[in-house]
Amino acid sequence: MKLTTEEQAMLAGEQGPAVEKAIEIVVALGEIYGADRLVPVESVQVAGVSYKNLGPAGLGFLQDWAGQGAQVRVPTFLNPAGMDLLRWKELGFAEEFARPQLKVVDILGAMGIDTTCTCTPYHIGQVPSLGAHLAWAESSAVSFANSALGARTNREGGPSALAAAICGRTARYGLHCDENRLGTTRVIVNCPVKEPSDWGALGFLVGQQVRDGVPYFRGLETGEDSISSTPGSPAWDSLKALGAAMAASGAVALYHIEGVTPEAALEPMLRPDHSTVKVDSLEPGYLALSGGRTDIDLVWLGCPHASLPEVARLAAVAKGKRFLTDVWITTSRHVRQQAEEAGYVATIEAAGGQVVADTCVVVAPLNGRYRTIATLSAKGASYLPSYLGAEVRYGTWDQLQAAMLTGRWGE
Ligand code: F3S
């Protein structure tokens, strides 16, 4: 691998042990994956923030690195932590969990990281430019950055993302290279895709078939009321649901939609030897994601973290009502703040719901708290049984709304 003079100096320890360790990790990964050189990164998203996943060993690892003087040198932010960092007590998180969790966030903050904990940084102004090299870690955020925004990132692990932030570089392999960004599978969609849960069901089905390939969608409607990748458009929520589902049921980190996503807007991005799959119905996706229980304990929205319009939609349902299940919508602190200013938080809380910041139901230590959880996130539905041991009902917005107001799942 070719390294610049500065990179060689980092590797020789001339910028201190923390930078030396960081560039060693980045170079080692580059060698494993056949990178020709390193590239500077525009921003970094660090995952592995929840103490539920990190445990004492992960906390010790961060403490050691911080003790060596680790500091990030590019804008860096965090994936969700294991609890709402401000309202953890009110939401029933134990002090024994909260103490080490707050310590993790403090250590990362002392490294110069923006301690905003979210899997949708693009909803709060972190919108990378077309072609920018990144080192992002959370699978749905990676998919969105690559696909909806045309930036370039592999799916980094917790330590490799932090290493990239500390040395400001990542190894140029995988999705940083043009040749790996071509579609491997043409996906022809022959059924309507409208509801938020439709995008998840479609993504779930396609991810299962494509695995770690690059789907290239044809037949998805474009236009004002449908899907576009215009920054901040409501269609962003559809793209995020689609990408999150494909990253959960497969390992898709990049997809294209012909005429919509930036790299496929102008020219076909397909490999000559691509395969083809057809989706004629979303029904198998809905069936695979949903269990059979009808009494619902929790309705969970905001996976990936909710945009302000998604919080507004819940507030409209909550107005003047009383929820008969627990209702959580998870989001970033920034969006929660905006929702508070708009009066949505007060409306949702008056109905008995919660707008929860910094965390999500999957990465929080909620095992055993809920038996049946209803969601319209295919990613959430895929993870909840194994992460929480909960049964899932997956369905449309109308079904979720009915569940909140009756406590039961209607067909
Ligand atoms: Fe985000 Fe948690 Fe879902 S990290 S994508 S809300 S599982």
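Contact here means heavy atoms within 4.5 Å. Helices (H or I, at least four residues) and strands (E, at least two) are DSSP runs, numbered from the N terminus. Two ground rules next. This is a predicted model, where local features need pLDDT of at least 70, side-chain atom pairs count only at pLDDT 80 or more, and totals for chains, interfaces and linings use all residues. Residues are numbered from 1 along each chain as its sequence is written, and side-chain values use heavy atoms, with hydrogens and water left out.

Now the ligand. Which residues surround it? They are P80, C119, E138, S140, G302, C303, P304, C360, V362 and K379, with near set as a heavy atom within 4 Å. Strand 10 (residues 298-306) gives the largest share, 3 residues. Domain 1 (5-178) and domain 3 (290-406) both contribute to this shell, so the ligand lies between them. Those bounds come from an automatic or database domain assignment.

Last, H133. This residue sits in the loop between strand 4 (114-117) and helix 5 (139-147). Leaving aside neighbours within four places in sequence, H133 is in contact with V39, P40, V41, E42, S43, R152 and H176.
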